[in-house]
Every structure is written in C-alpha cells, then in structure tokens.
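Trainee: I am new to this structure and would like to walk through it with you. Shall we take it step by step?

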Amino acid sequence: MPDSQDKLLEVNNLTKYFPITQGIIFQRKVADVKAVDGLSFFIRKGETLGLVGESGCGKSTTGRTILQLYRPTAGEVFFQGKNLAKMQSEELRKMRRNMQMIFQDPYASLNPRMTVGDIIGEPLEVHHIAKGKEKKERVQELLQIVGLNPYFVNRYPHEFSGGQRQRIGVARALAVNPAFIVCDEPISALDVSIQAQIINLLEELQQKFNLTYLFIAHDLSVVRHISDRVAVMYLGKIVELTDRTSLYKSPLHPYTKALLSAVPIPDPVVEEKRERIILVGDVPSPVNPPSGCRFHTRCPLAIDICKKMDPEFRDVGNLHFVACHVV
Amino acid sequence: MATLLEVKDLRTEFHTQDGVVHAVNGVSFAVDEGETLGLVGESGCGKSVSVLSVMRLIPIPPGKIAGGQVLFQGRDLLAVDDEEIRSVRGNKIAMVFQDPMTSLNPVLTIGTQISEALELHLGMTKEQARKRSVELLKMVGIPEAENRLDDYPHQFSGGMRQRVMIAMALSCSPQLLIADEPTTALDVTIQAQIVDIVKRLKRELGMAVIWITHDLGVIAGLADRINVMYAGFVIESASNKEIFANPVHPYTLGLLGSIPRLDEAHKAKLTPIEGLPPDLIEMPKGCPFYDRCRFRAERCASENPPLELAGVRHWVACWNWQDVQKKRGPVGVR
C-alpha cells in the first residue's frame, strides 16, 4: 500500500513476459519476451512522469500493463490505493473511468466509420455518464476544450489532419473526467509545428483539470520539457529515475549519459562544442537479455561484476534512483 | 569553391484525380563541392520531391517536371536521355533513403546488392566487386564484414541496414550524396552513430552532401548551409549559424519556437505555429504562409514575396523580414 496520500499510482515489481510458442495445435512455450522486468516506481497526484527509452525497451508495454490492457505476469499496481492487478474485469471496468490513454497513431486509433461525436461520446455511454441531448452537449463542450469547432460532431476522422485527430483522441480520453492519463508517444507521428500545439494543449489541460500523466516518448527534449520526473528504460528495466533537472544536469547511469549526449541540440554553436558518447552496437534481444546488468554489452564503464550481477535499483539520495554497479 | 550542382527554378507537379498538386514551385539552390546543404521542412513541403526531381526519380505520370534546370557539373540533367541519367545516378550522385527496411531488396544478399553498382558502373569483375564490398562495409563500421556479405537484409537491424545503404551509396565514390531523412526511422543512439559515419566519410572522401530532414537538431551539427522549405518554396536560405542566430522568416522563427531544447534553462512555454499548411492543389495567391503568420500585412495576401537578400549570403522570401527581425525577440536558449 502506498504510504503517503499524495501518491496516485504506485507500481511494485511490475513484470510482463510475452510467451513465444511453437507448434500449431499443441502449443508449447519455448521462451519469453521479457518486455518489462521488475519495475518499481510511483507517480504523485498532479505530476507528469516521463518514460523514455529506445524502441523495444518496453515503455509502451509498461503503460499498457499499468492500465491492465495487458495483465501483468507479476507485480502490483496500486491506483488510488487499490491493486489493479488483482481486480476482476467488472471491477476493473469501473476503475477505467479514472484512467485513460492517448495513443501514438492518430490515424489508427480512431474508428474511421464512427463520427467524431460517436467516438468522443462512446465512453460517456459505456460508463452511464450521459446520453441523448446531455451527451451531445458534453461532446461539444469537450471539442471546445481541445480547441476544435463544436460543429465538427458529425464529421468523420478522415476529414481531419493529424494534429486535429490527436485532439479528438485527447477529447475522448478526457470525456470521463479521469484522474490519470497514459500518453503513449502522443506527438511522435506529428509534424514539428503541430507537436508544439499538442504539447501546449496537454499542459493546459493538466493545470485545468489537475491531471496526472505518464508521458511515454523516445524524444528526450520533449520529455524534459513536459515532465516533472523522468524514468529512463533500457531493455525492460528502469535504469535511472529522478526529477527533470537532476537527470539532465547530473545523470548518473552511463546509458542515460550516452542517450543525453546523442540528442542533437538545434544550435550549431552548442553542437560544435559537444562531445558525443557513441554507443557501439545495437540493443540486445529481450528474449535472451545479457546476464547481470543488461547494459554491460554496450557500456563503456563495464567491470567484471556487471556481467554477473544485476545491479540493484537504489536511491542515491533525494529520490534519485539508479541501477548501476559503477555509480 | 566550384559549384557542383545548381538547381534553377525547378517546378514539379503531380496530376491527380483531385487536381494538380503543386509540390515544388520554382526552387533554386546550389551545392558547392564538398559542401553540406541541409533541406529543412515539414511533411509535404517539397523537400523530398525536389531531390527526387534532381535524380529524375519522379514517377511520370502522375508526376511531371514542369520547368527548370538541374545543372550538374554544367550539364542539365533534366535534358539528357535516360541512358545518360543512369550513368550519373548511383555513380556520381548517390542517394540514401529514409526507410532502411524497405529500400533493400529482401530476396538478394547484401553482397549482391552492393556489387551490382560496382559491376554496372565501374565494370568490376565479380571477385573485385566482392573485395570492394567488404572494404565498403568495413568503412561504415559493420563488424565481421566478410561473413556478413552473404546475409540477407532481414538478418540486419535497422541501424545496420542504414549503414549498408550508405555503403551502397558510397560504392562508386559519388561526388554528391543525397540523404533523404536517413535517420528518421532510427533511435537517437543509432542516429548519432550514422551522423558520425557520414561526417567522417565526408571529411575523408570530400564529397558534397544534401541532407534532408525535419529535425533542426540533427542539421545544426551537420550542415554548412540550410534551406528552409514551405509549401514547395525555399523561404529562407543562409549559413547554418546564421539561420539559428538570425532567422528572419516568420516560419523559420516558428519552427525554432516549436521545439523543446534539451538544454533549455527552465520550463518555458512553447510557441507553436497555429493552423495548418496550405492545400497544394489550391495554392494561395499570396504568400503561402499568410494564414499562419503573426507578422502578416495586407500585401502578403495578394503578392507572393520573392527571395531577397537579408544579409551576407542570407536570402529570405518575406515582405516584412526587417519588421520580423526587429520584433522577434531573443532567439536561442529560452
């Protein structure tokens, strides 16, 4: 149980393995994709936790497992003090009023055969919040909140641009007045000038409705901009977690350092002086992750113990968590 | 330095069922030998279509190069016959595409694909080509190159495939490498590896590069000159440092204001560009940025501004650039 009242979400040892099976009729499990492997963290009420990492590191799986879209293999997810991982479907369905999701691809996440009004109105009906005239009014209000014209209710998704569609996705998430929203790469499919519109919208809404975000992205500049605290993931594990300022000012984990140095800064004068830590090789497969510390195959500082023992994810002071033997 | 490529008033359009899409509307730029030119802009601004027109890779129909000249070492590539353009393509001008997953042939080994250009353009024998392929793969940093030659594309990761693409592009020692968003599909740490390789090879081989991107960060560390494109026009062109220190087109300014910077001092609000780019079928009569511009004046609605000089080798297409320069406030770190 979360010890303090201001924690909205607390995750303990969250694990999600996807089985790899062989055979057509008699399927037997031959291995696991260890997508998420023992995460522990919490999110305070009203804050934004950023989750960054490269493709395949398990950040989206983390978001989906928290919302129980995938049921976890092990671990606990306490939301408002209740363990979601233990809940049955009916109880869980009621909880979903409080937690919503915004998806990455605004083209794939809206049903092309439903009007905007139906898309945004559906959660209102599912949760018996409003119907009929009341529902229509609420939908129009929501459209206005996300900066779209309320007269758009009868239009279909294809009539909108990518940025506008993402606004529809935001309105749908807001419809049930949730406390917590998982934003899974909500801007990476959008153009630069449109990205800024959506970032600003998410920030405004957070203030207005006191929302709590888990913001998943691969772009560190964006995550730094929007988050209060940031968790860095590598191959299914969180390697470092701290507030945005210390993460960028004094990163401890060698992977965080490399990741930060790889992000280009739009300023030629700054770029000239920067030194890059270029990592060798690619991310190993999560089916068969390296022994010990998962980063040791690419780590410039690796020592003997890193190959044998998985480093503990520990607090080095001021809630700055890091998992590394060398630090 | 001598001019290697000069594009003059290039116009490319696509004839579709809905009407004529004006993708490139009179674009002019030049690349010197050994220079890196960055083409920056958002989707649909015509950056890819302009370089595809240079290579004559536009599908005709529905595409049509409606006008202009592409002078490569003094020869107009738009006027030469198909055989001649084939001797330039992949040989003197090479291209790396955005998606390393789809631009390699999945049923041919990497070795076969690299050797093809060597045998075709340089008349090498099979053994010579194979030997050279190994050298090329080593050059782009693929470990155990000898053994990987007989592998198929699916046995490589995204970053490795992009390196193979670069090795193929470099196989005939081109004078100009066109890289069309080569790192967009890759993770940041892999992107850093690729940018590093291209920088090193450029230094070693002295080739010119046209690097297309929507990412102002990547281009800041790479380019000598930058052309910013919008709705099929080059709207600002200057040296790399000048673009970031002294942007005078409202769109360039808007782009810079839209991106959060890793080194920003405090949590400042982003200033997005409101609205959407214009429809390329029904192009506006005046400035294409008019609807979204916060510096617009009456004249902008009816007359499209031409490129004019705003500084040393700094061109801008805006009637009010002096006003923009005065009113824009500080640029750079927020």
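Trainee: Among the contacts in chain B with a separation of 6 or more, what percentage comes from residues 24 or more positions apart?
Mentor: Good place to begin, and keep in mind that this is a predicted model. Take the contacts in chain B whose residues are separated by 6 or more, and pick out those with residues 24 or more positions apart. Their share is 65%.

Trainee: How many helices and strands does chain B have, and why is it described as being as compact as a globular protein of its length?
Mentor: Chain B contains 12 helices and 12 strands. For 334 residues the globule rule gives 20 Å, and chain B comes close to that, so it is as compact as a globular protein of that length. The radius of gyration of chain B is 21 Å.

Trainee: What part of chain B is buried, and what does its C-alpha trace span?
Mentor: A residue is buried if 20 or more other C-beta atoms lie within 10 Å of its own. Of the 334 residues in chain B, 48% are buried. Along the principal axes, the C-alpha trace of chain B spans about 65 × 50 × 40 Å.

Trainee: Which strands are at the edges of the open sheet of 8 strands in chain B?
Mentor: The pairing in this sheet is mixed, and the order is β6-β7-β8-β3-β9-β10-β12-β11 (chain B). From one strand to the next, the twist averages 20°. An edge strand pairs on one side only, and in chain B these are β6 (93–96) and β11 (308–311).

Trainee: Which residue of β10(B) is the bridge partner of B:Ile226?
Mentor: Strands β9 (residues 225–230) and β10 (residues 233–239) of chain B run antiparallel and are joined by 6 bridges. In β10(B), B:Ile226 has as its bridge partner B:Ala238.

Trainee: Which element gives the largest share of the side of chain B that touches chain A?
Mentor: Here 36 residues of chain B are in contact with 34 residues of chain A. On chain B, α7 (188–205), α8 (216–220), α9 (240–245) and α10 (250–258) each supply at least two residues of that side. The side divides into 15 nonpolar, 13 polar and 8 charged residues. The largest share, 6 residues, comes from α7(B).

Definitions and conventions. Residues are numbered from 1 along each chain as its sequence is written. Chains are lettered from A and ligands numbered from 1 in the order in which they are written. This is a predicted model: local features need pLDDT of at least 70, side-chain atom pairs count only at pLDDT 80 or more; totals for chains, interfaces and linings use all residues. Two residues are in contact if their C-beta atoms, placed from the backbone, lie within 7 Å. Helices (H or I, at least four residues) and strands (E, at least two) are DSSP runs, numbered from the N terminus. Ala, Val, Leu, Ile, Met, Phe, Trp, Tyr, Cys and Pro count as nonpolar, Asp, Glu, Lys and Arg as charged, and the others, Gly among them, as polar. The radius of gyration is taken over C-alpha atoms; the globule rule is 2.2 Å times the number of residues to the power 0.38. A residue is buried if 20 or more other C-beta atoms lie within 10 Å of its own, exposed if 12 or fewer, and partly exposed in between; C-beta atoms are placed from the backbone. Two strands pair if DSSP finds at least two bridges between them. Axes are lines fitted to C-alpha atoms, for helices over the stretch in contact, and angles run from 0 to 180 degrees between N-to-C directions.
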